[in-house]
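I opened my notebook to go through this structure one item at a time. Here is what I looked up, in the order I wrote it down.

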Amino acid sequence: MKRFKRQPSRYVSISIALAVIFASAAVVGGKPPFSAADILQKVDDEARADTTKIYLTQTVYSPTGDQRSFKMVSYTKDDNEKGLTEYLAPSQVKGMKILTLNSGDDIWSYFPSTNRVRKIASSARNRKVQGSDFSYDDMAMGKMAKSWKGTLQGEEKLNETLCYKLVLTPTEKGPKSYKKTTVWISKTDFTTLRVLYFDKYGEQSKQLDMSDYRDVKGVKVPFLYTMTSLVDGGKTVMKVAHAEVNIKLSDSLFTETGLKK
Amino acid sequence: MRERLYDRLVQLVSTKPWWVLLGAFVLLIASGVIVELRGLKMETRILDLLPKTDAAAVEYNDILKQYDSASQIIIGVKGGRREDKIAFIDRLEPRLSKVTYTSGETGKTAPYVKHAVLKLDTDYLTKHGLMLTTHSDLENLEPLFSNLEMADLLTAYNEFLEMEYIEDSAAVTEREKEDGAISNLKAIVKWLEGVTKATPKERASHAENAVDAMTIGDQYMFSQDESILIAMVVPTISIDKMEETMDGAKSLRRQVRLVQKDFPDLNIRMTGMPVLSLEEMEVTQQDMGFGTLWSLVLILVLFIVAFRMWSAPLLAIINLMTGIVWTLPLIALAFGRLNLMTTMFAIHLNAAYAEARARYDNATESIRAMYASCGNGVVTGALTTATAFVVLAFTGLDAFIELGVVLAGGIVLTLISSMTVLPAMYVVADRIRQKVTRNSNRKRASGVPIPLLGKGGEAVMRRPVAISVVVVFVLVTVFFAWKAKGASFESNMLEIEPADMPSVLLHREILREFEINPDFAMVSVPTVDDARKITDRIKKNRLVGQVDSISQYVPSAQQQKRRTPVIRAIAQNAEAWVPSRLTRGLPTGGAMAPFPNYQLQEKISDEEKERLLLEMERLNKNILEIGQFAYLSMKNRLARQCTELSGGKDRQFSKIINLKKQFETDAHLKTHVANWQRAYIPMLAERLTEMASVEPLSVDKLPTKIRDRFVSHKGENLVTIYAAVDLWDGNKMTLFNKATEKISNGVTGTVVLMDRLITLIGEKGILAIFLALGAVFVILLLDFRHLGYALVGMLPLLLGFAWMVGIFTLIGHKFDVANVMALPLILGIGIDDAVHILHGIQNRGIQNLPHVLKHTGRALVLTSMTTAIAFGSIADAAHRGLAGMGILLTLGVICCLVISIAFLPAVAALIFKKQEVEK
C-alpha cells in the first residue's frame, strides 16, 4: 500500500528540472544539422547546475476561480537528484518542508505544527501536485535525453524567437502520464520556451511556458513559469524572485533528520 | 402609384369611415378567434431559440422524452439548528403529493412530483454498501474494522487517515477523496463524543447516529459546515412543457411556504431550471408591466402636450391596439415593446393631420394633405424598418428569425392600420365634433412648435455653419468610435439576471458551500459499461463537481468479483463482534466463541485508557496535517473541516483536544468508555455484516426509485455531470462543455445549449447587422432612386451606431446575450428618422430645409421621445439583461435622432444645395 509520490512544492525542482533540463547556456554560431537527440543532449549538456537555491512565488489559479499564492525557497543538489522545498508563506503552511531524494522516488514531508516527518506515497505520478497544474511526473523529469526521444519537426517562430520544434515521446525511464510532448527550444541559446503536453488519450492537456530567462553565474534560468491546463483552464504561475546556482549546500540539508532543523 | 393609392385611401376613409372601422373590427374579432383556436403561449426556452437541427438541441429533446428526471428542483434550507432543517424536510415530504400542475392540453390537474431525493437511499446502501466501495478503499477498511473496541478502533482510524489522506495526499485533490475525508472526520468525532453520553437511552440513540455516520455517512445532504441542507425534487413532466412546469413549481413553492410557517427561523429557497424560469418570468412580467404602464402614461402626456388634443392619444392608442391584435395571430405576444415603438406611425400621421387640419377647414382635405405630407415617409420608413428586421430571418438562427418576423409583421400590420383605421377615426371624430360643436369648418391648432428646429434649419443653410456642424459631429463620432473599441462582452449570465432572485441566490450558495453547480450536462449511453467509462473519466476533471450515473450503483462484474473476498473478510471480522451470533452458539453446547471483552467489561483497562488518550492526540495531529495538505490543494471544504476540528494553529479551539481534556478530567472515564462500547459495537458489527452482501448487483435488481433516475424507457442510461465551477460564467461554461464534449459527442443540457446560443448569436449577430445594413441601403436606393440620398440616408445609422456603442461603453455597460439583440433592432429603428428628413428634402427641395426640419423634425422628436420612453421604461428593470437592452435602445434612438436632425441636414445642405446650384 505504501506508495511514493513527489511533493507539491517541488516546483523549485521544476524550475531546475525544466531550467536544467531544457534551458541551456548559449551555443552561439555554427549551423550544425542537429537531430532531435543532438538537441536534447545539447540542452542537457549546456544547462548544468549542481546546486541551486531559488526563492519563488507560486500562484495557483484554480478552475473554480480560487487563487492562492505561496512563497517558498527551494534547494536542489546533484543535478536535481535531491531537493528540498520550504514554504515561507502564508502562515497556514509556513515552515512545511518537502524533501525529495532519488530524483523524486522518495518523498518526505515535515509539518511544523505537529513536528512530525511523514513519508509520502508516490503511487500517482500523473496526479496534480496539491491543486497546482504540475504533476509529479513533470517534476520527476531527469535528463532530457534520458527521458525523451523523438524527431525534429523543423523550425518555428515562437514569440519572435526562432525555435527547434521537437515532437517527443517518453523513453522507458521517462514520464508515464504523457503520450507525447511538443517542445520549442530556442535555436539561439537552447533555452526551452514552451512544452505542450499530450495526455495518454493523445489530447492536448497542458502547456508550459518559460520566459524571462536570466543569466545566473553563466546558467540561463527562466524566472517565469506558466503551466496552463488546457482541460480545465487552471493555471499555475511561478515567479522566481532570486536564484543562486552552484553554491555550497550541505548533504545534511537533504536528510530526514535535517527536516526538523 | 403611391399618389393613386393615397387618393383611393382618402376617398375610402372620408366617404366610408364607418365601413373601414367595421372592417377593422371584424379583423380584430377574427384575430382573436384565430389566437384562441391556435393557442398562443409564451415560451422562454433556450431550446426554442436554436436551430431545430442543432445536434445538441436534438439530443436534448431526445433526453427530455426518454428521461423524466432530466430536470429537477433543489430546495435549500438555511438557518436554525440541524434538527430544525431535518424536521422541515421530513414535514415537507408528505406534502409533496399535494403538489400539482394543470395540464395545458386537458385542463386537468396532475401530480407534479415524480420523486424526491430528500435523503440518501439508505436501504440500498445498507445492504450493498461494501460492494459499492472501491477495492482499494475496501483494503483500507479491512484492518480498520478488525477490532471494534475504542482504543483499537481509534488506532486503526489514525492509521487509515495517515495512509489514505496524508501518505496519499495527492489523492485528496480529487473530489471523491475530499468528500470521503470530510465524512470520515465527522464520523470519528461523532463516535468519540458518544463516551460523554450519560444514559443508556442517550447512548443508544447516539450510537445509531454514529454508526450511520461511520458506515454510510450523513443521510441528509448537508453542506460541510451544515449551514445549508438541500433536497431534490424531480418533476413528473419534462421542462419542455414550460407552462406546466412553471405551474408545478408555483404549487411546490406554495407547499414549501405552508410548511415554512412552522419554522420561522428557517430560510427556504428553491432553484433549478423550473424555478429559475418561473421567477425570471415573474420578474420580467413585473418589469414589463411597470414599464408599459409608465411608458403609456408618459406617451399620453406627450401627445396631449404636443398636439393639445385629448382625442389624439386616444386614437393613437386605439390604432396601436389594432396593430397589436392584428399581429397576434402572426406572432407570439412577447414583444410588447415593438408595439410601443410602432406608435411612431400614428405620431407622424397625427402631426401631419393636425398640421393640415390647421390649414384646411374639412377633414377630407386634411387627410389628403396628411398623406401628401408624410405618407411616403411613413410608408418608406415602415418598409425600411420592416425589411431591416425581416432580413434577420436569413441568419438561420431561430432566435433572430422569430424576432425579425415578429417585428417586421407587427410594423407592416400597424402601418396598414395607421394608414386606414387611423384616418377613418379622424373623420369619425371630426363628424362627432361637428355634431357636438355645430361648427364643421373650425380650423384647429397644429400643436406645440419646436422653434429651434426651424432656426437650426436656417442656420445650416449657411455653408460655414454646415461645415462646422459636420466637423463637430465627425470629431464626436471619432471619439465615440474610439470608445466603442473598448466594448466588452459579459460572459457571466448571472450578471444579466435580477440580482436578488431567490433561485439565483440559492444557486450561488450551493456553488459556494457544496462546490457544485446545480446546472448540469447530460449524456445518454446504451450500456452501463459506457456510463461507467464516461463517469470514471470525467469525474477526474477539476471542472466537475459530481457525476450521477448508474455505474455508482452497479459495479462491473469484474469489480464485484474482485471486491467479494475483501468484503467476506470484513464480514467475517464483524461477525465476531455481533452478540447474537456469539450467544447463538451457547445452548448447542458447541465450542464457545471467544467472548469479546467489551460484553462483560465494566471498565476498560488503564492501558486502553492511556492508549485512547494518546490516539486522540495523534488524531488531532493527523487532522492538522490533512488540513495543511487540503489548504495547499485548495480543497477549501476539507481545510475548513480540519480547522474546525483541530483548531488550526490554536490548540485551545481544537474539538479533539477539548474532548480529550474532558476525558482526562472524567474520573469515571474507564466505565464510560466501556458503557459506550457496549452501545455502539453491536450496532456497528451488525451494520457491517449487513452491508457485506456479496449478492451480485445488476440493473434489474435496483430499486425502482434508483433505476428510474438513470434508465430510460428505451433502456438507455443517463449520466448527469454537475460542474464544480460557475457555469453562469461563459468562459467556464465553454471550458466545461469542451471537457464534456471530449468524453462523448452526445453531451447536451441547458449549459451546452446556452453555449451554442451564445456562439451562434455572436456569429449570426454580426451577419444580422450586415444583412440589415445591406437591406436598408437597397430600400433607400429603390425609394429615393438616387445614390446620393441613399448614401446620405445611411449616415445617421452608421454614426448613431458608433455613438450608441461608444456611450454605452463609456457609462460602464457591457454587451451581453440579452442586449446584443438590440444591435440589429436599432438599425431598423434608427433609419426611420433619416428617411423622413430626406423625403421632406426630396419633396420640398433643399431650399425648404428649415420648413422640413420645423415640421417633420418636430414629428421626429415626438416619435423618438415616444420610442425612447418605451425603451427607457425598462432601463431600470430588475432583470439586468432587460435593463441593458432598454438603455442601449434608448441611447440608440436618441443618438439617431440627434444625428438625423442636426448632422444630416448639414450634410444634405452641403451636398444637395451645391447640386441644385450646379443644376
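**Entry 1: domains of chain B**

Which residues make up domain 1 and domain 2 of chain B? I noted first that I am working with a predicted model. Domain 1 covers 2–42, 279–486 and 755–918, while domain 2 takes in 72–119 and 232–278. I then looked for where the two touch, and I found five residues of domain 1 in contact with six residues of domain 2 in chain B. On the domain 1 side of chain B, the residues that touch domain 2 are one nonpolar and four charged, with no polar ones.

**Entry 2: the two chains in outline**

I wrote down the make-up of each chain. Chain A holds four helices and 13 strands. For chain B my tally reads 34 helices and ten strands.

Next came burial. In chain A, 49% of the 261 residues count as buried. In chain B, the buried residues are 51% of 919.

I also looked up contacts between residues with a separation of 6 or more. In chain A, 56% of these contacts are between residues 24 or more positions apart. In chain B, the share for residues 24 or more positions apart is 81%.

**Entry 3: H30 and H31 of chain B**

I turned to a pair of helices in chain B, H30 (residues 750–784) and H31 (residues 787–810). Their axes come within 8 Å and cross at roughly 140°. H30(B) and H31(B) are therefore oblique to each other, and I noted their crossing as right-handed.

Which residues meet there? From H30(B) I listed B:Val776, B:Phe777, B:Leu780, B:Leu781 and B:Phe784. Facing them from H31(B) are B:Leu787, B:Tyr789, B:Ala790, B:Gly793, B:Met794 and B:Leu797. By class, this contact of H30(B) with H31(B) has ten nonpolar residues, one polar and no charged ones.

**Entry 4: a stop at B:Phe784**

I stayed with one residue of helix H30 of chain B, B:Phe784. Is B:Phe784 buried or exposed? I found 20 other C-beta atoms within 10 Å, so B:Phe784 counts as buried. The cut-off for buried is 20 or more.

I then listed the contacts of B:Phe784, leaving aside its neighbours within four places in sequence. They are B:Tyr789, B:Ala790, B:Leu838 and B:Gln842. I also checked B:Phe784 against B:Val835: they are 51 residues apart in sequence, and their C-alpha atoms are 9.3 Å apart in space.

**Entry 5: H8 and H9 of chain B**

My next pair was H8 (residues 175–193) and H9 (residues 200–215) of chain B. They pack at an angle of about 155°, and their axes are 8 Å apart. H8(B) and H9(B) are therefore roughly antiparallel to each other; the cut-off for that word is an angle over 145 degrees. I recorded a left-handed crossing for H8(B) and H9(B).

In H8(B), B:Lys186, B:Ala187, B:Lys190 and B:Trp191 meet B:Asn209, B:Ala210, B:Ala213 and B:Met214 of H9(B). By class, I wrote five nonpolar, one polar and two charged residues for this contact of H8(B) with H9(B).

**Entry 6: H21 and H27 of chain B**

One further pair: H21 (residues 557–575) and H27 (residues 669–691) of chain B pack at about 150°, with their axes 8 Å apart. That makes H21(B) roughly antiparallel to H27(B). H21(B) passes H27(B) in a left-handed crossing.

B:Ile570, B:Ala571, B:Ala574 and B:Glu575 are the H21(B) residues in this contact, and they meet B:Ala685, B:Leu688 and B:Thr689 in H27(B). I sorted the residues of this contact of H21(B) with H27(B) into five nonpolar, one polar and one charged.

**Entry 7: backbone details**

Where is A:Pro90 found? It sits in the loop between strand S3 (82–89) and strand S4 (97–101) of chain A. A cis peptide bond joins A:Ala89 to A:Pro90, with omega about 5°.

I also looked up positive phi values in residues other than glycine. A:Asp212 has phi near 50° and is found in strand S11 (residues 204–216) of chain A. A:Asp212 counts as exposed because it has 11 C-beta neighbours inside 10 Å.

B:Met634 has phi near 60°. I located B:Met634 in the loop between helix H24 (606–632) and helix H25 (636–646) of chain B. With 21 other C-beta atoms within 10 Å, B:Met634 is buried.

How values were computed. Residues numbered from 1 in each chain as written. Chains lettered and ligands numbered in written order. Predicted model: local features only at pLDDT ≥ 70, side-chain atom pairs only at ≥ 80, totals over all residues. Axes fitted to C-alpha atoms, helices over the stretch in contact; angles between N-to-C directions. Helix = DSSP H or I, 4+ residues; strand = E, 2+ residues; numbered from the N terminus. Parallel < 35°, antiparallel > 145°, perpendicular 65-115°, else oblique. Left-handed = near helix turned anticlockwise from the far one by under 90°. Contact = placed C-beta atoms within 7 Å. Nonpolar A, V, L, I, M, F, W, Y, C, P; charged D, E, K, R; others polar. Buried ≥ 20, exposed ≤ 12 C-beta atoms within 10 Å, placed from the backbone. Domains from an automatic or database assignment.
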